[in-house]
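Let's take a walk through this protein together, one piece at a time.

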Amino acid sequence: MVPTPRPARPAERSHAVVIGAGLAGLTAARALADTYERVTVLDRDTLPAEPAPRRGVPQSRQLHVLLARGAQALEELFPGFLEELLAAGATRADTQGEAHWYLDGHLLRPAPSGVISYGASRPRVEHHVRARVAALPGVVIRQGVEALGPVATSDRGRVTGVRVRPRSGGAGETGGAGEETIPADLVVDASGRGSRAPAWLEELGYHRPRQTRVRADVVYVTRHFRREPHHIGGRSGVALVPFPGLPRGGAIVSEREDRFAVVLFGLLGEEPPVDEAGMLAYAESLPGPDVAEVLRTAEPLDEPVRMRYPASARRHYEKLDRHLGGFLVTGDALCSFNPTYGQGMTAAAQQAVVLRALLAREPREPREPRERGRDADGLPRRFFRAAAKVVDTPWLLAAGGDLRFPGAEGRRGPADGLLDRYLTRYRAAASVDPVLGRTFLSVAHMLQPPARLMSPGHVLRVLRAPRTGGPAGAES
Ligand SMILES: Cc1cc2nc3c(=O)[nH]c(=O)nc-3n(C[C@H](O)[C@H](O)[C@H](O)COP(=O)(O)OP(=O)(O)OC[C@H]3O[C@@H](n4cnc5c(N)ncnc54)[C@H](O)[C@@H]3O)c2cc1C
């Protein structure tokens, strides 16, 4: 078969550098590989040959679930990916049919939903994505290399490269000669929550993006257990979602047929303990029995690991009036969400999908007069706008959900109280009406927009459902 020639590239698309080989960096590299001659992905860590947690991704020891929309996005970027993940031992489950969900203390009525999520450890997902990216023509992954910031043209209008140095203690591949500059036409910062991009831009004379934070003070404690067929009625997972009055929760995900990841978490001052008796007591205080059952009866496979996550943080690059040409930011570096909603990998993969679509379009001159002369290529403006749309929904769900808690710091809108009352009633009604449950999970998994929860048909169902009382344990 004659290979299809790749489309001709404009001269400035010869080399792209991605900072960070996490989920966001790897998926961004996938997007770039279609249109850039060469793509180099840098990571300060030494990357493990087998799926294993690593220092640069501290959350890699914590329970992760791949939401339905994220699974679709990864499949779009890497056809055959999900089968590969399953073949490596990951699990898939109908989120409503094969898992228990407790919303405001009510058990959501189980029923087949078609909302399919995937259970696999964060290192396992990254491992398979990295293998696919490393196999792409023109892509090189360099490990043990720390990015120090972009280098720009003398007028500071666009990037010309990125400064790097070998990471002390890492397997640096820069020849051990200290700092160097890697020339690049495009630099993508995917360095995670600790991104220094705002400071880098400021050093080059640009404004820092405005940041929105919603403080939730999440504390996670994850431990793994041997899964046996009788556990939790043979179900694949459990989610006990916190609510005002009970700002603590838990979840179980089958990372493999024979292995559960179990997390206990607390918000706003609630902290799960890490000793066995304390963990069990904490699990027993939750509205469903499932997590406590596993802690009581399953064989632990490791020690519990705790992690703190202070606040969801969104950086509004899309609102900047001037962009550094050829410089993008993606993934957690752009927006990081309260992890209890499980959205980060999905949002990162979706941003890569939109980046690929933008690059596939014919390169064009900036259309709007105010863009001319400001961006060297208009790509940052277009990307940040598109990425903001991707992030809007998960942000609304995560930050909006957190603002239900009186102690969560963040700006509340005038309609929030009314919406909150409706959604409280919705969650209760979903314990009897499986259609409401399906829509709730489709929205949580980003398959449908949140507005779907307020469609006239859904409002009627909520109003008609027998009242089951307010949230268990909530103060009235
Ligand atoms: C406790 C917890 C639980 C979570 N659970 C879920 C879940 O269930 N589902 C879900 O979808 N998401 C979850 N997330 C979010 C998810 O882990 C991330 O959103 C996702 O991994 C994408 O992250 P990223 O690639 O943007 O950043 P990261 O995963 O943080 O990767 C950043 C990479 O950049 C590298 N790096 C950083 N600085 C530099 C530098 N200067 N030079 C070179 N390399 C650098 C780091 O070594 C790292 O490899 C959770 C997060 C937390 C904290």
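Keep in mind that this is a predicted model. As for handedness, H11 and H12 cross in the left-handed sense.

Which residues of H11 and H12 make the contact? From H11 come Val 435, Leu 436 and Thr 439, while H12 contributes His 458, Arg 461 and Val 462.

Now step back to the whole chain. The domain assignment gives domain 1 as 15-61 + 127-212 + 312-401, domain 2 as 94-116 + 216-310, and domain 3 as 416-464. If you look between domain 2 and domain 3, their C-alpha centres lie 23 Å apart. Across that boundary, 12 residues of domain 2 are in contact with 14 residues of domain 3.

Finally, have a look at a sheet. Strands of a sheet pair through backbone hydrogen bonds, either parallel or antiparallel. Here 3 strands form an open sheet in the order E3-E7-E4, with antiparallel pairing. The edges are E3 (65-66) and E4 (91-94), each of which pairs on one side only. E4 joins E7, residues 116-119, over 4 bridges in the antiparallel sense. To find one of these pairings on your screen, go to Thr 91, whose bridge partner in E7 is Gly 119.

Technical notes
Residues numbered from 1 in each chain as written. Predicted model: local features only at pLDDT ≥ 70, side-chain atom pairs only at ≥ 80, totals over all residues. Heavy atoms only, no water. Pairing = 2+ DSSP bridges. Helix = DSSP H or I, 4+ residues; strand = E, 2+ residues; numbered from the N terminus. Left-handed = near helix turned anticlockwise from the far one by under 90°. Contact = heavy atoms within 4.5 Å. Domains from an automatic or database assignment.
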